[in-house]
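Grab a pencil and work through the exercises below.

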Amino acid sequence: WSVWETVQQHKEIPEPRRSPSLNLLKLDISWTRTPAWVELTSPSKQDNHASFWSLASLGFPEARSSSLQLSPTNHPSTHHQVSLPPDDHVLCFDFLYYVSAHHTWEWELDYSPAWRFVGQHMRWTARMERIADTHARRAMNVPGTEPTPPYVSIHIRHGDFREQCAGVPVDQCFASLSVIARRVSEVQDELRTRKGIEATHVIMTSDENDPEWWADVRALGWTWVDYAAEQTEEIYGKWYPVFIDAIIQSNGAGFVGTRGSTMSTLASRRVQSWHDGATRLIRWGTPGADDH
């Protein structure tokens, strides 16, 4: 089923969501457009979200049959030009990023069913926890005989977010380190007053590649994992730094992240659910966006 084609009705020629993974996996798929009633919001509102249970109903015979009787748009497969209805044994959709039960961007809301009933129960393996803890301890220079101290983790996403600055100079679009430091102090204060925790250690994770920016991070007394020095990719594999960053973020007593970043949203939810931690998400995009 193509969800993307349905929720993109505001486009002149909506199409199924394409992905290079299809060619890599040698998949030749015939897509069928989902009914308009899978949209979460009114068709008159330009939005990409679909309803979880509307989509789930297509996995049952009655909804599947009645939907196909409406003669929905079907796209022949790219290579063999074969048109087939959606499989009646394996329920397959083209894109589920924008799926919610009740409200758009639901992962960011405290009642989120996807987080409460599924996401928070998906934990890191013990092996990955050990690897991440080892990296975090070295970054904080913790002696081998001492336990890992509580720390505040930070995730600052710049990279592709530059494209969303819409003409605003980058140094005014993104929150400055002083703004980030203010949020870190708020988290530290909350941990101190609410839980009696002194989280003096701060670990930065970011896709920023400006050496001067990282030098300023160091000047604040914060640290980070140096994956090149650790030879993490060489020892474990290419994807390990990403997972280690995520685990370090999620194991902070407190967390400061970038609003609008999925990685920050997940880290924030993990810190809240797993550690009853203090979290903040920094607004950005315009000068003074995070003023409060």
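## Exercise 1: the sheet

Strand S5 (residues 151–156) and strand S7 (residues 254–258) run parallel and are joined by three bridges. Keep in mind that you're looking at a predicted model.

**Task.** Work out the strand order of the open sheet and find which strands sit at its edges.

**Solution.** 
- Now widen the view. The open sheet has four strands in the order S6-S5-S7-S8, and the pairing is parallel.
- Look at the ends of that order. Strand S6 (201–206) and strand S8 (278–282) are the edge strands, each pairing on one side only.
- Going from one strand to the next, the twist averages 15°.
- Finally, see what lies against the sheet: helix H9 (residues 211–219) packs on it and touches S5 and S6. The direction of H9 makes about 165° with that of S6.

As background, strands of a sheet pair through backbone hydrogen bonds, either parallel or antiparallel.

## Exercise 2: the cysteines

**Task.** Find the disulfide, give its handedness, and decide whether Cys165 and Cys173 are buried or exposed.

**Solution.** 
- A search of the whole structure turns up one disulfide.
- That disulfide joins Cys165 to Cys173, with an S to S distance of 2.2 Å.
- The torsion about the S-S bond of Cys165 and Cys173 is about -90°, so this disulfide is left-handed.
- For burial, the cut-off is under 20% relative accessible area. Cys165 has 4% relative accessibility, so it counts as buried. Cys173, at 1%, counts as buried too.
- Cys92 has a relative accessible area of 37%, so it is partly exposed.

## Exercise 3: a helix and two positive phi angles

**Task.** Describe helix H13 (262–275), then find where Asp276 and Lys26 lie and what phi each takes.

**Solution.** 
- H13 has 14 residues and reaches 19 Å from its first C-alpha to its last, close to the 20 Å expected at 1.5 Å a residue.
- The buried residues of H13 are Ser264, Thr265, Ala267, Ser268, Arg269, Arg270, Val271 and Trp274.
- These buried residues pack against helix H5 (113–117), S5, helix H12 (240–250), S7 and S8.
- Asp276 lies in the loop between H13 and S8, and is partly exposed at 44% relative accessible area.
- Lys26 has phi near 60°, a positive value in a residue other than glycine. You'll find Lys26 in the loop between helix H2 (20–24) and strand S1 (31–32). With a relative accessible area of 74%, Lys26 is exposed.

Note on methods:
Residues are numbered from 1 along each chain as its sequence is written. This is a predicted model: local features need pLDDT of at least 70, side-chain atom pairs count only at pLDDT 80 or more; totals for chains, interfaces and linings use all residues. Side-chain values use heavy atoms; hydrogens and water are left out. A disulfide is a pair of cysteine sulfur atoms within 2.5 Å. Buried means under 20% relative accessible area, exposed over 50%, partly exposed in between (1.4 Å probe, protein chains only). Two strands pair if DSSP finds at least two bridges between them. Axes are lines fitted to C-alpha atoms, for helices over the stretch in contact, and angles run from 0 to 180 degrees between N-to-C directions. Contact means heavy atoms within 4.5 Å. The expected span of a helix is 1.5 Å times one less than its number of residues.
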